[in-house]
Amino acid sequence: MSVAAYRFDRDRLGQRRLSGFERMAPEPTGKAFVETELASPLGLAADDAMAAQSVDIVAGHIDRLKSQYGLQTSDIAVLVSGGLIDFAPGRVEQFIAALPARTGITPEIISIKDQARLGYDWIVRPADRRNVMHVNIASGTIKGGYYDQHGQFVALSAPYGPKTMAGAVKLRWPDIRTATVGQRASEFYGDTVAPVLAPQIATEPPPRQRPNLYLTGGIVTATAVIFRPKAIIHPHPWVEMQPDDFANLLGLIASGTPYGGPLPAPLAGEEGDRVRDALRRVRNSFNPHEMAAGAAIGDGLARQLRFDQRIRLALPQLAGTQIWVSQYLLEKFG
(Lines give C-alpha, C1' and ligand atoms only; values in the text may rest on other atoms or scores of the structure.)
Protein backbone atom coordinates (compact mmCIF):
# COMPACT_ATOMS: atom_id res chain seq x y z
CA MET A 1 0.00 0.00 0.00
CA SER A 2 1.51 3.33 -1.00
CA VAL A 3 0.50 6.70 0.40
CA ALA A 4 0.59 10.13 -1.21
CA ALA A 5 -1.31 13.36 -0.63
CA TYR A 6 -2.69 15.45 -3.51
CA ARG A 7 -4.42 18.77 -3.94
CA PHE A 8 -6.88 19.79 -6.60
CA ASP A 9 -6.90 23.51 -7.40
CA ARG A 10 -9.92 24.47 -9.49
CA ASP A 11 -8.53 27.95 -10.20
CA ARG A 12 -5.53 26.40 -11.95
CA LEU A 13 -7.48 24.24 -14.38
CA GLY A 14 -5.72 24.24 -17.74
CA GLN A 15 -2.60 25.87 -16.32
CA ARG A 16 -0.85 22.69 -15.14
CA ARG A 17 0.08 19.62 -17.09
CA LEU A 18 -2.25 17.63 -14.82
CA SER A 19 -5.02 20.22 -14.95
CA GLY A 20 -4.94 21.44 -11.38
CA PHE A 21 -3.89 18.12 -9.85
CA GLU A 22 -0.79 18.55 -7.67
CA ARG A 23 1.06 16.11 -5.48
CA MET A 24 1.88 17.62 -2.09
CA ALA A 25 3.39 14.85 0.03
CA PRO A 26 5.73 13.10 -0.12
CA GLU A 27 7.62 15.45 -2.42
CA PRO A 28 7.97 13.84 -5.86
CA THR A 29 11.52 12.65 -6.55
CA GLY A 30 11.19 11.10 -10.00
CA LYS A 31 12.54 7.81 -8.63
CA ALA A 32 10.65 4.55 -8.59
CA PHE A 33 9.42 3.04 -5.32
CA VAL A 34 10.31 5.88 -2.98
CA GLU A 35 10.66 4.29 0.44
CA THR A 36 8.97 7.15 2.29
CA GLU A 37 5.75 6.54 0.34
CA LEU A 38 5.28 3.02 1.66
CA ALA A 39 2.63 2.78 4.35
CA SER A 40 3.08 -0.88 5.25
CA PRO A 41 3.14 -4.31 3.68
CA LEU A 42 -0.34 -5.71 3.18
CA GLY A 43 0.61 -9.26 2.26
CA LEU A 44 -0.17 -12.42 4.16
CA ALA A 45 2.89 -11.92 6.37
CA ALA A 46 1.79 -8.47 7.56
CA ASP A 47 0.99 -8.30 11.26
CA ASP A 48 -1.19 -5.93 13.28
CA ALA A 49 1.72 -3.59 13.94
CA MET A 50 2.34 -3.17 10.22
CA ALA A 51 -1.33 -2.42 9.61
CA ALA A 52 -1.27 0.14 12.43
CA GLN A 53 1.77 1.76 10.81
CA SER A 54 -0.40 2.57 7.78
CA VAL A 55 -2.73 4.58 10.01
CA ASP A 56 0.22 6.41 11.61
CA ILE A 57 1.68 7.43 8.23
CA VAL A 58 -1.61 8.66 6.77
CA ALA A 59 -2.47 10.50 9.99
CA GLY A 60 0.96 12.11 9.92
CA HIS A 61 0.37 13.38 6.37
CA ILE A 62 -2.98 14.80 7.44
CA ASP A 63 -1.49 16.57 10.47
CA ARG A 64 1.27 18.14 8.37
CA LEU A 65 -1.14 19.29 5.68
CA LYS A 66 -3.43 20.87 8.26
CA SER A 67 -0.52 22.69 9.87
CA GLN A 68 1.15 23.82 6.64
CA TYR A 69 -1.95 24.87 4.69
CA GLY A 70 -4.47 25.70 7.40
CA LEU A 71 -6.81 22.93 6.31
CA GLN A 72 -9.76 21.68 8.32
CA THR A 73 -10.85 18.07 8.61
CA SER A 74 -13.74 18.81 6.25
CA ASP A 75 -11.24 19.94 3.57
CA ILE A 76 -9.58 16.53 3.33
CA ALA A 77 -10.71 13.26 1.76
CA VAL A 78 -9.01 9.88 2.15
CA LEU A 79 -9.74 7.58 -0.79
CA VAL A 80 -9.23 3.83 -0.95
CA SER A 81 -9.37 2.03 -4.28
CA GLY A 82 -11.82 -0.84 -4.32
CA GLY A 83 -9.18 -2.87 -6.16
CA LEU A 84 -6.87 -2.71 -3.14
CA ILE A 85 -9.49 -4.40 -1.00
CA ASP A 86 -9.56 -7.34 -3.41
CA PHE A 87 -5.83 -7.92 -2.86
CA ALA A 88 -5.64 -7.40 0.91
CA PRO A 89 -9.13 -7.25 2.41
CA GLY A 90 -8.27 -7.84 6.06
CA ARG A 91 -5.51 -5.27 6.33
CA VAL A 92 -7.41 -2.63 4.37
CA GLU A 93 -10.51 -3.13 6.50
CA GLN A 94 -8.36 -2.70 9.61
CA PHE A 95 -6.95 0.54 8.19
CA ILE A 96 -10.42 1.85 7.31
CA ALA A 97 -11.73 1.07 10.77
CA ALA A 98 -8.81 2.64 12.63
CA LEU A 99 -8.26 5.88 10.72
CA PRO A 100 -11.39 7.80 11.87
CA ALA A 101 -10.39 7.52 15.53
CA ARG A 102 -7.02 9.12 14.77
CA THR A 103 -8.11 11.77 12.26
CA GLY A 104 -11.87 12.19 12.32
CA ILE A 105 -11.90 11.23 8.62
CA THR A 106 -13.67 8.12 7.37
CA PRO A 107 -11.95 6.70 4.27
CA GLU A 108 -14.17 6.41 1.23
CA ILE A 109 -13.98 3.25 -0.87
CA ILE A 110 -14.10 4.01 -4.60
CA SER A 111 -15.11 0.96 -6.62
CA ILE A 112 -13.48 0.11 -9.93
CA LYS A 113 -16.74 0.96 -11.70
CA ASP A 114 -16.84 4.36 -9.99
CA GLN A 115 -13.20 4.96 -10.92
CA ALA A 116 -14.05 4.18 -14.54
CA ARG A 117 -16.92 6.68 -14.53
CA LEU A 118 -14.92 9.37 -12.75
CA GLY A 119 -12.02 8.94 -15.18
CA TYR A 120 -14.33 9.21 -18.16
CA ASP A 121 -16.01 12.36 -16.86
CA TRP A 122 -12.64 14.00 -16.20
CA ILE A 123 -11.45 13.39 -19.77
CA VAL A 124 -14.51 13.60 -22.01
CA ARG A 125 -16.61 16.72 -22.48
CA PRO A 126 -20.36 16.13 -22.04
CA ALA A 127 -20.94 17.18 -25.66
CA ASP A 128 -18.69 14.32 -26.86
CA ARG A 129 -20.09 11.52 -24.75
CA ARG A 130 -22.05 9.88 -27.56
CA ASN A 131 -18.87 9.48 -29.61
CA VAL A 132 -16.20 8.39 -27.13
CA MET A 133 -15.18 5.25 -25.31
CA HIS A 134 -12.38 5.44 -22.72
CA VAL A 135 -10.10 2.60 -21.61
CA ASN A 136 -7.47 2.94 -18.89
CA ILE A 137 -4.88 0.15 -18.66
CA ALA A 138 -3.85 0.71 -15.06
CA SER A 139 -1.11 -1.22 -13.28
CA GLY A 140 -3.56 -3.58 -11.61
CA THR A 141 -6.77 -3.34 -13.60
CA ILE A 142 -8.32 -2.62 -16.97
CA LYS A 143 -11.17 -0.17 -16.57
CA GLY A 144 -13.16 2.14 -18.76
CA GLY A 145 -16.52 2.47 -20.44
CA TYR A 146 -18.95 4.79 -22.16
CA TYR A 147 -22.34 6.45 -21.76
CA ASP A 148 -25.28 4.66 -23.35
CA GLN A 149 -28.19 6.26 -25.19
CA HIS A 150 -30.05 6.74 -21.90
CA GLY A 151 -27.19 8.68 -20.33
CA GLN A 152 -26.14 5.81 -18.04
CA PHE A 153 -22.46 4.98 -17.70
CA VAL A 154 -21.58 1.44 -18.78
CA ALA A 155 -18.31 0.28 -17.22
CA LEU A 156 -15.83 -2.23 -18.62
CA SER A 157 -13.32 -3.82 -16.27
CA ALA A 158 -11.05 -6.79 -15.67
CA PRO A 159 -8.82 -7.44 -12.63
CA TYR A 160 -5.56 -7.45 -14.57
CA GLY A 161 -3.05 -4.78 -15.54
CA PRO A 162 0.60 -4.93 -16.62
CA LYS A 163 1.92 -5.55 -13.10
CA THR A 164 -0.76 -7.94 -11.83
CA MET A 165 -0.84 -9.90 -15.08
CA ALA A 166 2.97 -10.17 -15.17
CA GLY A 167 2.81 -11.72 -11.70
CA ALA A 168 0.08 -14.13 -12.77
CA VAL A 169 2.01 -15.14 -15.90
CA LYS A 170 5.17 -15.87 -13.89
CA LEU A 171 3.11 -17.84 -11.37
CA ARG A 172 1.74 -20.04 -14.17
CA TRP A 173 5.10 -20.39 -15.94
CA PRO A 174 7.78 -20.05 -13.22
CA ASP A 175 10.71 -20.63 -15.62
CA ILE A 176 9.58 -18.03 -18.15
CA ARG A 177 12.24 -15.94 -19.91
CA THR A 178 12.08 -12.46 -21.39
CA ALA A 179 12.25 -13.79 -24.95
CA THR A 180 9.06 -15.82 -24.46
CA VAL A 181 7.18 -13.74 -21.90
CA GLY A 182 5.24 -11.86 -24.60
CA GLN A 183 3.95 -15.11 -26.10
CA ARG A 184 2.91 -16.41 -22.69
CA ALA A 185 1.31 -13.09 -21.75
CA SER A 186 -0.72 -13.16 -24.96
CA GLU A 187 -1.80 -16.71 -24.16
CA PHE A 188 -2.81 -15.65 -20.65
CA TYR A 189 -4.81 -12.73 -22.04
CA GLY A 190 -6.57 -15.02 -24.48
CA ASP A 191 -7.65 -17.68 -22.00
CA THR A 192 -8.09 -15.61 -18.82
CA VAL A 193 -8.58 -11.90 -19.48
CA ALA A 194 -10.47 -11.90 -22.78
CA PRO A 195 -13.31 -14.10 -21.42
CA VAL A 196 -13.85 -11.60 -18.58
CA LEU A 197 -14.17 -8.69 -21.00
CA ALA A 198 -16.05 -10.53 -23.78
CA PRO A 199 -19.58 -10.42 -22.29
CA GLN A 200 -19.08 -6.76 -21.33
CA ILE A 201 -17.89 -5.82 -24.81
CA ALA A 202 -20.69 -7.81 -26.45
CA THR A 203 -23.24 -5.24 -25.27
CA GLU A 204 -21.29 -2.18 -26.39
CA PRO A 205 -22.38 -0.11 -29.40
CA PRO A 206 -20.51 -0.75 -32.68
CA PRO A 207 -17.43 1.33 -33.51
CA ARG A 208 -19.37 3.59 -35.86
CA GLN A 209 -21.45 4.74 -32.87
CA ARG A 210 -18.38 5.22 -30.64
CA PRO A 211 -15.72 6.07 -33.23
CA ASN A 212 -13.29 7.71 -30.79
CA LEU A 213 -11.32 5.61 -28.32
CA TYR A 214 -9.33 7.43 -25.65
CA LEU A 215 -6.52 5.38 -24.11
CA THR A 216 -4.73 6.12 -20.84
CA GLY A 217 -2.45 4.28 -18.46
CA GLY A 218 1.27 3.74 -17.97
CA ILE A 219 1.69 1.11 -20.69
CA VAL A 220 -0.15 3.38 -23.14
CA THR A 221 2.25 6.21 -22.35
CA ALA A 222 5.21 3.83 -22.61
CA THR A 223 4.08 2.62 -26.03
CA ALA A 224 3.57 6.17 -27.24
CA VAL A 225 7.03 7.17 -25.99
CA ILE A 226 8.68 4.27 -27.82
CA PHE A 227 6.85 4.59 -31.14
CA ARG A 228 5.93 8.29 -31.21
CA PRO A 229 8.85 9.98 -29.39
CA LYS A 230 8.61 13.27 -31.26
CA ALA A 231 4.89 13.60 -30.58
CA ILE A 232 5.24 12.75 -26.92
CA ILE A 233 7.49 15.73 -26.12
CA HIS A 234 5.16 18.31 -27.61
CA PRO A 235 2.47 19.88 -25.43
CA HIS A 236 -0.41 18.50 -27.50
CA PRO A 237 -2.71 16.57 -25.13
CA TRP A 238 -3.05 13.46 -27.32
CA VAL A 239 -1.10 11.16 -29.63
CA GLU A 240 -2.76 9.10 -32.35
CA MET A 241 -1.89 5.42 -32.08
CA GLN A 242 -1.95 2.69 -34.70
CA PRO A 243 -3.91 -0.58 -34.31
CA ASP A 244 -0.71 -2.66 -34.30
CA ASP A 245 1.36 -0.55 -31.88
CA PHE A 246 0.99 -3.02 -29.02
CA ALA A 247 1.71 -5.99 -31.30
CA ASN A 248 4.86 -4.20 -32.44
CA LEU A 249 5.83 -3.66 -28.80
CA LEU A 250 5.52 -7.41 -28.25
CA GLY A 251 7.89 -7.84 -31.18
CA LEU A 252 10.46 -5.52 -29.58
CA ILE A 253 10.29 -7.49 -26.35
CA ALA A 254 10.78 -10.80 -28.17
CA SER A 255 13.81 -9.36 -29.97
CA GLY A 256 15.43 -8.23 -26.72
CA THR A 257 14.83 -4.48 -27.09
CA PRO A 258 11.72 -3.87 -24.93
CA TYR A 259 12.38 -0.15 -24.65
CA GLY A 260 12.98 0.51 -28.34
CA GLY A 261 16.09 1.28 -30.33
CA PRO A 262 18.11 4.46 -30.95
CA LEU A 263 16.29 7.78 -31.06
CA PRO A 264 15.28 9.08 -34.48
CA ALA A 265 18.08 11.22 -35.93
CA PRO A 266 16.15 14.53 -35.80
CA LEU A 267 15.75 14.21 -32.03
CA ALA A 268 18.89 15.83 -30.68
CA GLY A 269 19.74 18.45 -28.10
CA GLU A 270 16.91 19.40 -25.74
CA GLU A 271 14.34 17.31 -27.60
CA GLY A 272 16.54 14.23 -27.33
CA ASP A 273 17.12 14.84 -23.64
CA ARG A 274 13.38 15.07 -23.01
CA VAL A 275 12.71 11.81 -24.86
CA ARG A 276 15.54 10.05 -23.01
CA ASP A 277 14.07 11.30 -19.74
CA ALA A 278 10.66 9.91 -20.75
CA LEU A 279 12.25 6.56 -21.61
CA ARG A 280 14.00 6.49 -18.22
CA ARG A 281 10.63 6.92 -16.56
CA VAL A 282 9.30 4.00 -18.59
CA ARG A 283 12.19 1.80 -17.44
CA ASN A 284 11.60 2.85 -13.84
CA SER A 285 7.92 2.00 -14.14
CA PHE A 286 7.99 -1.33 -15.99
CA ASN A 287 10.44 -4.20 -16.14
CA PRO A 288 10.47 -6.23 -19.40
CA HIS A 289 7.97 -8.80 -18.07
CA GLU A 290 5.54 -6.05 -17.07
CA MET A 291 6.07 -4.39 -20.46
CA ALA A 292 5.18 -7.69 -22.13
CA ALA A 293 2.05 -8.12 -20.02
CA GLY A 294 0.94 -4.56 -20.80
CA ALA A 295 1.64 -5.02 -24.51
CA ALA A 296 -0.36 -8.25 -24.52
CA ILE A 297 -3.26 -6.45 -22.84
CA GLY A 298 -3.12 -3.64 -25.40
CA ASP A 299 -2.89 -6.08 -28.29
CA GLY A 300 -5.79 -8.13 -26.95
CA LEU A 301 -7.92 -5.02 -26.49
CA ALA A 302 -7.01 -3.94 -30.03
CA ARG A 303 -8.79 -7.01 -31.33
CA GLN A 304 -11.68 -7.11 -28.89
CA LEU A 305 -12.46 -3.39 -29.20
CA ARG A 306 -11.70 -3.29 -32.94
CA PHE A 307 -9.02 -0.64 -32.87
CA ASP A 308 -8.85 -0.77 -36.68
CA GLN A 309 -12.36 0.71 -36.87
CA ARG A 310 -11.84 3.56 -34.41
CA ILE A 311 -9.84 6.74 -34.01
CA ARG A 312 -7.37 5.86 -31.27
CA LEU A 313 -6.08 8.74 -29.18
CA ALA A 314 -3.60 8.17 -26.38
CA LEU A 315 -3.57 10.77 -23.60
CA PRO A 316 0.00 10.35 -22.37
CA GLN A 317 0.02 13.33 -20.02
CA LEU A 318 -2.67 11.78 -17.81
CA ALA A 319 -2.27 8.89 -15.38
CA GLY A 320 -5.15 6.75 -14.19
CA THR A 321 -5.22 7.63 -10.49
CA GLN A 322 -4.77 11.33 -11.22
CA ILE A 323 -7.71 11.22 -13.62
CA TRP A 324 -10.34 9.68 -11.38
CA VAL A 325 -9.13 11.37 -8.19
CA SER A 326 -9.24 14.76 -9.93
CA GLN A 327 -12.85 14.23 -10.95
CA TYR A 328 -13.75 12.96 -7.49
CA LEU A 329 -12.27 16.08 -5.86
CA LEU A 330 -14.03 18.33 -8.38
CA GLU A 331 -17.39 16.73 -7.56
CA LYS A 332 -16.85 16.69 -3.80
CA PHE A 333 -15.22 20.10 -3.26
CA GLY A 334 -15.78 22.00 -6.52
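This is a predicted model: local features need pLDDT of at least 70, side-chain atom pairs count only at pLDDT 80 or more; totals for chains, interfaces and linings use all residues.
Figure 1. Valine 282 touches Ala222, Val225, Tyr259 and Met291, leaving aside residues up to four places away in sequence. The residue belongs to helix H10, which comprises residues 269-285. Valine 282 counts as buried because its relative accessibility is 6%, and buried means under 20%. Between valine 282 and isoleucine 226 the separation in sequence is 56 residues, while their C-alpha atoms are 9.3 Å apart in space.

**Figure 2. Packing of helix H7 with helix H9.** Helix H7 consists of residues 218-227 and helix H9 of residues 245-254. The axes of the two helices are 10 Å apart and form an angle of about 75 degrees. H7 is therefore roughly perpendicular to H9, a description that applies to angles from 65 to 115 degrees. On the H7 side, the residues in contact are Ile219, Val220, Thr223, Ile226 and Phe227. On the H9 side, they meet Asp245, Phe246, Asn248, Leu249 and Leu252. Classified by type, the contact of H7 with H9 contains seven nonpolar, two polar and one charged residues.

**Figure 3. Glutamate 290 and its contact with lysine 163.** Glutamate 290 is located in helix H11, which spans residues 288-304. This glutamate is buried, because its relative accessible area is 15% and the limit for a buried residue is under 20%. A polar contact of 3.2 Å links the side chain of glutamate 290 to the side chain of lysine 163. When residues up to four places away in sequence are not counted, glutamate 290 touches Pro162, Lys163, Ala166 and Ser285.

**Figure 4. An open sheet of six strands.** The strands follow the order S7-S6-S5-S8-S10-S9, and their pairing is mixed. Strand S7 (153-158) and strand S9 (239-240) are the edge strands, each of which pairs on one side only.

**Figure 5. Strands S6 and S7 with helix H6.** Strand S6, made up of residues 142-147, runs antiparallel to S7, and six bridges join the two strands. Among the paired residues, tyrosine 146 has valine 154 in S7 as its bridge partner. Helix H6 (residues 178-202) lies across both S6 and S7. The direction of helix H6 is at about 170 degrees to S7.

Terms used. Residues are numbered from 1 along each chain as its sequence is written. Side-chain values use heavy atoms; hydrogens and water are left out. Axes are lines fitted to C-alpha atoms, for helices over the stretch in contact, and angles run from 0 to 180 degrees between N-to-C directions. Helices (H or I, at least four residues) and strands (E, at least two) are DSSP runs, numbered from the N terminus. Angles under 35 degrees count as roughly parallel, over 145 as roughly antiparallel, 65 to 115 as roughly perpendicular and the rest as oblique. Contact means heavy atoms within 4.5 Å. Ala, Val, Leu, Ile, Met, Phe, Trp, Tyr, Cys and Pro count as nonpolar, Asp, Glu, Lys and Arg as charged, and the others, Gly among them, as polar. Buried means under 20% relative accessible area, exposed over 50%, partly exposed in between (1.4 Å probe, protein chains only). A polar contact is a pair of N or O atoms within 3.5 Å; within protein, one must be able to donate a hydrogen and the other to accept it, and residues adjacent in sequence count only if both atoms are side-chain atoms. Two strands pair if DSSP finds at least two bridges between them.
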